[in-house]
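Biologist: I'd like to learn how to read a model like this one. Could you walk me through it, feature by feature?

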Amino acid sequence: MPAAGRAPDAPGERVISTVLDPAVLTPLVVHTEAWINFDVGLLIDRFWANTINGLAYGSIYALVALGYTLVYGVLQLINFAHSEIFVIGVFGVYLTFLGLGFEPGALPNLPLAAIILDLLLAGVVAMVVAGLAAVGLERVAYRPLRRRNAPRLAFLITAIGASFAIQQVIRIVRGSNPEGTIRLLPPSPAFTVFGAPVTNLQIVIILASIAMFIVADQFVNRSRLGRGIRAVAQDPATATLMGVNRERVIMITFLVGGVLAGAAALFYLMTIPQGAVYNGGFLLGIKAFTAAVLGGIGNLRGALLGGLILGVAENYGQSLFGGDWRDVVAFVLLVLVLMFRPTGILGESLARSRA
Amino acid sequence: MTTMLELDDVHVAYGRIQALRGISLRVEVGQIVALIGANGAGKTTTMKAISGILGLQSGSMRFEGEDLTAIRADLRVGKGISQVPEGRGIFPGMTVAENIDMGAYLRSDRRSPEFAADLERVYELFPRLAERRSQAGGTLSGGEQQMLAMGRALMARPRLLLLDEPSMGLAPQFIAQIFRVIEEINAQGTTVLLVEQNATQALGLAHEAYVMETGEVTRSGTGAELLADPTIQDAYLGVS
């Protein structure tokens with residue numbers, strides 16, 4: 001039986017407050033059959049479907065997590081406003097859809113090639129907008145603090161402040177309610193894996209995310225600029241002695257993180273077309289941050305691994321314990337990893353990681 | 001002789017702590033100049049001011065006639081000043097080869113024969129580095145890291161090489177090798193500014209030397225003069 005946190009006089013139904021969503025101030029009454037399930041049968045039945053779905057969600061987490069991890073590697077700063085950079089990307093995608101003449105609610109009647117082209121265009125817009133927003137954020141919020149040699153706490157508070165500020169600006173411009181649903185490409189099964197259908201969206205998202213990860217990984221490990229990023233992460237003073245311009249490296253790092261968040265925004269809105277809302281970055285941002293810590297913050301490959309594991313684990317948890325437990329599973333997983341392996345699964349930071 | 005580096009009345013502070021109180025020194029082209037003194041005398045601060053990691057409060061710094069203070073720290077290596085920092089500053093997560101390559105970060109002639117020759121020279125000076133080429137920098141011993149830091153600095157083709165305590169914490173056979181290499185680098189035409197606590201070795205090598213105490217230069221002269229000076233012997237050479 002549950003202990004704390006549940007009203008004892010509410011059998012079969014309970015009131016959950018909506019702290020996380022200021023848009024909805026009226027309490028929701030949710031009917032639930034049982035407080036918690038332990039449905040191993042469902043877990044086994046849905047194992048492959050959950051795995052595939054989890055990998056698709058996890059790819060989105062991973063792309064956003066890369067932004068947290070890159071900035072952490074270079075500045076030892078958790079850029080809490082990164083989730084809002086992601087939301088800016090989401091609105092970049094959404095407004096491009098509107099600009100292209102798509103309307104909420106209606107399914108487009110266009111040939112597949114045109115739809116793919118429109119999706120690509122929306123993705124590019126989101127990547128550019130989110131990338132520039134990230135660079136702008138760095139310049140406005142963090143660079144002045146660096147100039148003044150501000151203590152680390154000041155950066156953290158600024159990050160949280162910037163996060164709220166961007167969120168509220170979006171709310172003022174676009175309103176509190178979620179935007180109407182625009183779905184360009186409805187999911188349809190492309191093939192099956194062990195009897196579980198894989199949709200066209202899922203396979204595109206997983207493959208495209210992995211491709212983007214490989215590009216980012218190669219950039220950091222093989223290119224000259226990437227080597228500069230690693231040098232600043234490992235020893236900023238010595239990097240300067242080698243001729244690395246630290247300010248430029250920081251800018252590039254934010255740019256890459258923002259671009260990846262923009263790509264994630266496209267995949268997110270393809271999966272959850274009703275997801276364009278000003279505070280939509282909150283939960284996803286925390287999950288992506290969790291993914292980065294799970295894999296080992298500062299470690300690029302850790303961000304990918306952490307994202308995929310988190311995505312899959314919360315889907316298994318949803319089947320095993322019930323739908324309400326999805327987020328709980330994600331964060332309990334984080335707590336467990338931090339208890340038993342505080343440096344994350346891959347452990348090493350970008351600063352220490354080899355090649 | 002032409003002057004390569006000239007510091008005049010340089011003041012540097014860390015917050016309220018005055019680390020340099022008016023340092024003046026000259027490094028002539030082709031020389032080895034040693035900076036000796038006890039811990040906290042300001043030797044490393046002087047090096048950091050020259051490489052631009054620390055800014056000046058006042059005073060002037062000229063390199064080959066040019067005002068060095070007007071040049072951003074990360075561009076000074078491109079001007080011909082390479083520093084091997086105190087503690088070596090090896091990038092622990094990069095391989096030996098990648099670390100060496102970082103020394104050539106600003107060079108754009110990677111495919112040229114000169115670049116290949118420079119790389120070959122580094123591996124010739126320090127054959128141990130060639131054996132460990134693909135090993136992570138953080139796994140090397142102290143002596144190997146010192147070699148790596150020196151090899152890396154040479155890849156920038158410096159005209160002035162700043163060496164901060166190259167013998168610190170090294171086994172005697174490494175110290176001898178490092179000093180031999182410093183002489184060899186100098187003989188091949190690179191000017192060297194050397195900070196050392198190991199004063200006997202440094203003075204034995206140096207054309208000119210400066211003695212620092214609490215942020216000021218208290219003595220200067222040729223290496224041989226200072227080596228023979230009884231007060232220097234008492235204070236720094238452990239001879240009584």
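Predicted model: local features only at pLDDT ≥ 70, side-chain atom pairs only at ≥ 80, totals over all residues.

Biologist: What is the phi of Phe194(A) near?

Modeller: Phi of Phe194(A) is near 50°, which is a positive value in a residue other than glycine.

Biologist: And is Phe194(A) buried or exposed?

Modeller: Phe194(A) counts as exposed, because its relative accessibility is 65% and the cut-off for exposed is over 50%. Asp9(B) is found in strand S1 (residues 3–14) of chain B, and at 40% relative accessibility it counts as partly exposed.

Biologist: Let's step back to the whole of chain A. How many helices and strands does chain A have?

Modeller: Chain A has 12 helices and four strands. Of its 355 residues, 50% are buried. Take the contacts in chain A between residues at least 6 apart in sequence: 76% of them join residues at least 24 apart.

Biologist: Which residues of chain A does UniProt list under "transmembrane region"?

Modeller: The unreviewed UniProt entry lists residues 55–78, 85–102, 114–137, 149–170, 190–215, 249–270 and 328–347 of chain A. Residues 149–170 of chain A are 86% helix and 0% strand, with end C-alpha atoms 31 Å apart. Residues 190–215 of chain A come out at 62% helix and 31% strand, and there the end C-alpha atoms lie 26 Å apart. Phe194(A), in the loop between S3 and S4 of chain A, is where we started.

Biologist: On to the interface. How do I read its size?

Modeller: The size of an interface is often given as the accessible area lost when the parts come together. Here, the area buried between chain B and chain A is about 2100 Å², with carbon and sulfur atoms giving 60% of that. Counted by residues, 23 of chain B are in contact with 23 of chain A.

Biologist: How many salt bridges and polar contacts does the rule find across the interface of chain B and chain A?

Modeller: The rule finds three salt bridges across that interface, and four residue pairs in polar contact, both residues at pLDDT 80 or more. On the side of chain B that touches chain A, the elements giving two or more residues are helix H2 (73–79) and helix H3 (96–102) of chain B. By class, that side of chain B has 11 nonpolar, seven polar and five charged residues.

Biologist: What is the idea behind a salt bridge, and which side chain does Arg227(A) meet?

Modeller: Side chains of opposite charge can pair when their charged atoms come close. In this model, Arg227(A) meets Glu98(B) in a salt bridge, 3.8 Å from N to O. The whole structure holds 25 salt bridges over all chains.

Biologist: Which residue does Arg110(B) form a salt bridge with?

Modeller: Arg110(B) pairs with Asp101(B), and their closest N and O atoms are 2.6 Å apart. Arg110(B) is partly exposed, at 29% relative accessible area, whereas Asp101(B) is buried, at 19%.

Biologist: What about Arg107(B) and Asp118(B): how far apart are their closest N and O atoms?

Modeller: For that salt bridge the closest N and O atoms are 2.7 Å apart. Arg107(B) lies in the loop between H3 and helix H4 (113–125) of chain B and Asp118(B) in helix H4, so the pair ties together parts that are 11 residues apart in sequence. Both partners are buried: Arg107(B) has a relative accessible area of 12%, and Asp118(B) has 11%.

Biologist: And where do Glu144(B) and Arg132(B) lie?

Modeller: Those two side chains meet in a salt bridge of 3.3 Å, N to O. Glu144(B) is in helix H6 (residues 142–154) of chain B and Arg132(B) in the loop between helix H5 (127–131) and H6, so this pair ties together parts that are 12 residues apart in sequence. Glu144(B) counts as buried at 3% relative accessibility, while Arg132(B) counts as partly exposed at 25%.

Biologist: Which residues do salt bridges that share partners join into one network?

Modeller: The network joins Arg227(A), Arg230(A), Glu98(B), Asp101(B) and Arg110(B).

Conventions
Residues numbered from 1 in each chain as written. Chains lettered and ligands numbered in written order. Heavy atoms only, no water. Contact = heavy atoms within 4.5 Å. Buried area = accessible area lost by both parts, 1.4 Å probe. Salt bridge = Lys/Arg side-chain N within 4 Å of Asp/Glu carboxyl O. Polar contact = N/O pair within 3.5 Å; in protein donor to acceptor, adjacent residues only side chain to side chain. Nonpolar A, V, L, I, M, F, W, Y, C, P; charged D, E, K, R; others polar. UniProt positions renumbered as here; feature names shortened; annotations may be inferred. Buried < 20%, exposed > 50% of the residue type's maximum accessible area, 1.4 Å probe, protein only.
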